[in-house]
Amino acid sequence: MIELQTLKKSDEIIQINEVRVLDPMQCTDEVRTVWLQQGHLRGQPTADESVSQTVDGQGQWLMPALVDLCARLREPGEQQHGTLKSEGQAARALGFLHLVTPPDTKPVLESGALLPGLRQKAYDDGGIYLHVIGALTKGLDGNQPANLAGLKQGKCIAVSNARHAFANNDVLLHTLEYAATLGLTVFFYPEDPILAQDGCVHDGFMAARQGLAGIPAIAETVALSTQLQLVEATGVRAHFSQLSCAASVELIAAAKARGLPVTADVAIHQLYLTDASIDGFNSAAHVRPPLRSEADRVGLRAGVASGVIDAICSHHEPLSATAKMMPFAETQAGISSFDAFMGLAVGLVREGLLSPLQLAGLISKQPAMIAGIDALWQGVGGWALIDPALDWVLTSSEIRSAGKNTPFLGTSLTGRVTAVFE
Amino acid sequence: MTASALHISAQHLPSQIQLNRAGNLKHFLTIEGLSCDHLTHILNVAESFLGEGGRILNLPLLEGHTVMNLFFEPSTRTRTTFEVAAQRLSANVLNIDIQRSSTSKGETLRDTLWNLRAMTADVFVVRHSASGAAHFMAQSVCPDVAIINAGDGRHAHPTQAMLDMLTIRRHAGKPFSELTVAIIGDIKHSRVARSDVQALQTLGAKEIRIIAPKTLQPAGFETFGVKVFENMDQGIAGCDVVISLRIQNERIASPLLSSPEEFYKLYGLTEARLKLANPNALVMHPGPMNRGVEIASSVADGNQSLILKQVNYGIAVRMAVLRLAMQGQLEERQLAEQETLG
């Protein structure tokens with residue numbers, strides 16, 4: 001599907017002894033010795049072939065290359081925070097070989113002709129497969145559909161208005177009809193702009209105590225309800241990204257029960273943190289959608305466990321130190337998430353929420369299918385070796401991303417990617 | 001996942017930022033996290049600056065020190081009282097016209113402050129439209145300059161709260177533990193309300209009530225340990241102190257309220273309503289007032305009103321806070337030196 005001129009892969013054969021292989025495509029979870037070549041599992045080498053490297057896989061997991069449904073790499077336009085090189089290389093080392101990026105770069109990703117060059121640069125600089133969500137409306141201004149056919153020709157994997165508002169529901173209705181005509185998936189990040197107003201944190205006790213303007217949960221659910229009705233009316237395939245409210249999980253569950261063509265994901269930090277993290281104006285926890293209540297966190301976890309939520313994304317948004325060095329509301333929202341991702345993801349297994357195989361599905365196969373890149377994902381292969389018992393501390397020097405903006409800084413984590421094979 | 005990730009912000013707690021290693025004030029950012037002893041000490045020091053009949057004394061306690069007033073938001077009363085307070089302490093006082101300063105040329109707040117600090121500032125008195133601005137300065141920009149919060153967004157106005165507490169302590173005739181205090185009006189957008197509630201709680205007030213329509217109540221405020229009333233008559237009944245808050249014009253021209261007249265009808269502090277409170281209940285307002293919107297003129301000027309006393313006590317409280325924070329900074333430097341040598 002993608003016309004990337006890929007680098008020639010090594011023909012070396014790597015043997016991993018007694019590793020727990022988590023393969024969501026085959027639905028298998030078994031401990032065995034495996035051989036990898038060119039990013040793919042292969043049979044035992046013949047007498048004529050030699051193993052160039054042997055790895056002890058005891059106690060470790062081997063899962064397919066990770067697919068992230070939302071990562072902002074900051075290029076083009078905001079290279080002071082990160083680049084395709086810095087973020088691509090970080091992602092690759094941490095097991096993410098496929099990154100989906102929203103269109104709200106500078107300039108906006110609304111021209112299909114520019115997409116092949118961007119993908120090639122992401123591969124050349126960062127060694128990752130970049131999958132672009134094109135702009136749904138021109139300049140993301142919410143008034144008129146962008147050149148969706150051109151974007152499709154440029155092989156965007158979906159279209160979206162990112163977090164930008166639509167002028168009104170009439171525009172939304174017709175852009176969805178247009179996207180449906182072209183067979184494009186629409187990504188939504190539901191938030192009613194009027195209800196959200198100038199808010200910067202969840203509208204709850206912490207917002208009230210600190211005098212910060214709140215974004216109520218209904219800002220998400222009102223937008224989501226409207227969008228679901230328009231999805232039903234237009235028949236467009238839709239993905240709802242970065243849900244933050246328990247009530248949103250219920251709305252998605254009801255929509256799926258009605259047979260609507262919808263999927264949803266959640267950002268990993270929403271499964272751990274609540275608005276308690278903003279205490280003391282901690283700008284590292286300033287993120288959009290905001291960290292919400294404990295009830296929301298529990299509801300999102302239940303959605304992941306029940307399968308209503310189809311994927312877990314990083315929602316990686318690296319920022320320079322300067323962007324967070326202001327009074328809280330004036331700081332830029334965003335969490336640099338790549339580095340803590342696997343430690344947090346493994347925690348979901350350790351806490352009994354998911355089986356290791358379910359986790360592998362949520363961060364590789366399912367997002368690949370949502371993005372419609374499953375053929376490429378399988379075709380290029382790639383496997384990540386994870387030590388689920390490795391204790392480590394997320395320090396600034398350990399962070400591979402250019403953005404050190406994470407509320408998990410200084411946190412002890414258990415579980416880490418130890419090698420990536422492709 | 002370890003528990004530590006769920007408690008990541010302990011280092012940001014205000015109480016740990018505004019106190020020096022001996023536990024004394026080195027900044028004054030918020031009431032939150034301060035003990036009853038801290039607040040009582042501030043009130044006692046403020047009292048010591050009041051002479052007979054509320055006359056403010058001159059004491060050269062900040063001689064040789066420089067106090068810079070940085071008002072990123074317009075203010076007349078607060079800025080003037082801080083200026084008077086610093087002068088009464090013999091400090092060098094500079095009012096920086098921040099609207100015309102480099103911040104309007106794109107310089108970051110951090111760079112502006114670093115430049116001013118280099119001009120040997122000892123104290124920054126800061127008013128800013130963003131909640132947490134003073135906290136940010138004390139934590140991340142100038143921890144070694146005493147930061148006094150003169151109001152940050154909707155978050156806190158701790159010197160206003162302390163002058164309110166001084167007013168109550170001097171005039172209520174009974175201890176805080178026997179007082180029922182009502183705060184009326186726009187609680188949601190009020191930094192004064194937040195700081196008053198925290199100060200009253202810390203000083204052990206018997207009961208704190210807030211009286212406001214749902215549109216002007218912050219989310220989850222009932223969990224602050226206050227009683228919430230939507231009906232003014234019920235809320236004011238039996239109160240010893242009534243604090244009326246200013247309704248800002250931009251709130252009236254919004255979906256939050258229908259008209260000033262209707263607000264007055266429902267929540268205006270009138271003579272008739274004041275009669276529902278305890279006899280001789282104290283009437284307070286942080287100013288500036290909208291007469292005929294949140295308070296009747298006859299009540300504002302009546303003999304239960306302490307509104308002008310509040311302004312007078314504001315100077316004493318600000319002198320106390322300037323003195324204590326400067327002292328705390330000097331103590332911190334001394335202790336740090338001793339620690340390094342030891």
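Predicted model: local features only at pLDDT ≥ 70, side-chain atom pairs only at ≥ 80, totals over all residues.

Before I point at anything, a word on the labels: helices (H or I, at least four residues) and strands (E, at least two) are DSSP runs, and they are numbered from the N terminus. With that in hand, here is a place to begin: Pro288(B) sits in the loop between E9 and helix H12 (297-300) of chain B.

Arg288(A) and Pro289(A) are joined by a cis peptide bond, with omega about 0°. Pro289(A) belongs to the loop between strand E14 (262-267) and helix H9 (294-306) of chain A.

Let's stay in that loop for a moment. Phe281(A) is also placed between E14 and H9 of chain A. Its phi is near 55°, a positive value in a residue other than glycine. Is Phe281(A) buried or exposed? Phe281(A) is buried, because 30 other C-beta atoms lie within 10 Å.

Now, the sheet in chain A. What is the order of its strands? Reading across, we have E6-E7-E8-E9-E10-E13-E14-E15, an open sheet of 8 strands with parallel pairing. Strand E6 (66-68) and strand E15 (311-313) of chain A are at the edges with a single partner strand each, so one side of each has no neighbour in the sheet. From one strand to the next, the twist averages 30°. To zoom in on one pair, strand E9 (residues 158-160) and strand E10 (residues 186-188) of chain A run parallel and share 2 bridges. Within that pair, Ser160(A) has Phe187(A) of E10(A) as its bridge partner.

Over to chain B, starting with strand E1 (residues 66-71). This strand is mostly covered, as 5 of its 6 residues are buried. E1(B) pairs in the parallel sense with strand E2 (residues 92-96) of chain B over 5 bridges, and Met68(B) finds its bridge partner in Leu94(B) of E2(B). To get from E1(B) to E2(B), the chain goes through helix H3 (residues 77-88) of chain B, in a right-handed β-α-β crossover. E1(B) is also joined to strand E3 (residues 123-128) of chain B by 5 bridges, again parallel. There, the bridge partner of Val67(B) is Val123(B).

One residue in E1 of chain B is worth a stop: Thr66(B).

Ser90(B) is in the loop between H3 and E2 of chain B. Its phi is near 65°, which is positive in a residue other than glycine. With 15 C-beta neighbours inside 10 Å, Ser90(B) counts as partly exposed.

Chain B also has an open sheet of 5 strands, with the order E7-E6-E5-E8-E9 and parallel pairing. Strand E7 (227-229) and strand E9 (282-284) of chain B are its edge strands, each pairing on one side only. Inside the sheet, strand E5 (residues 180-184) and strand E8 (residues 241-244) of chain B are joined by 4 bridges, with Ala182(B) partnered by Val242(B). H7(B) packs on this sheet and touches E5, strand E6 (207-211) and E8 of chain B.

Next, a helix pair. Helix H2 (residues 36-48) and helix H13 (residues 307-341) of chain B pack at about 115°, with their axes 8 Å apart. The residues in that contact are 9 nonpolar, no polar and 1 charged.

Finally, how do the chains meet? The contact takes 30 residues from chain B and 28 residues from chain A. On the chain B side, helix H4 (109-118), helix H5 (133-141) and helix H7 (191-202) each supply at least two residues. H5(B) gives the largest share, 4 residues. By class, the chain B side has 13 nonpolar, 13 polar and 4 charged residues.

That's my tour, and I'm happy to go back to any part of it.

Conventions:
Residues numbered from 1 in each chain as written. Chains lettered and ligands numbered in written order. Pairing = 2+ DSSP bridges. Axes fitted to C-alpha atoms, helices over the stretch in contact; angles between N-to-C directions. Contact = placed C-beta atoms within 7 Å. Nonpolar A, V, L, I, M, F, W, Y, C, P; charged D, E, K, R; others polar. Buried ≥ 20, exposed ≤ 12 C-beta atoms within 10 Å, placed from the backbone. Right-handed = clockwise from strand over helix to strand, strands pointing away.
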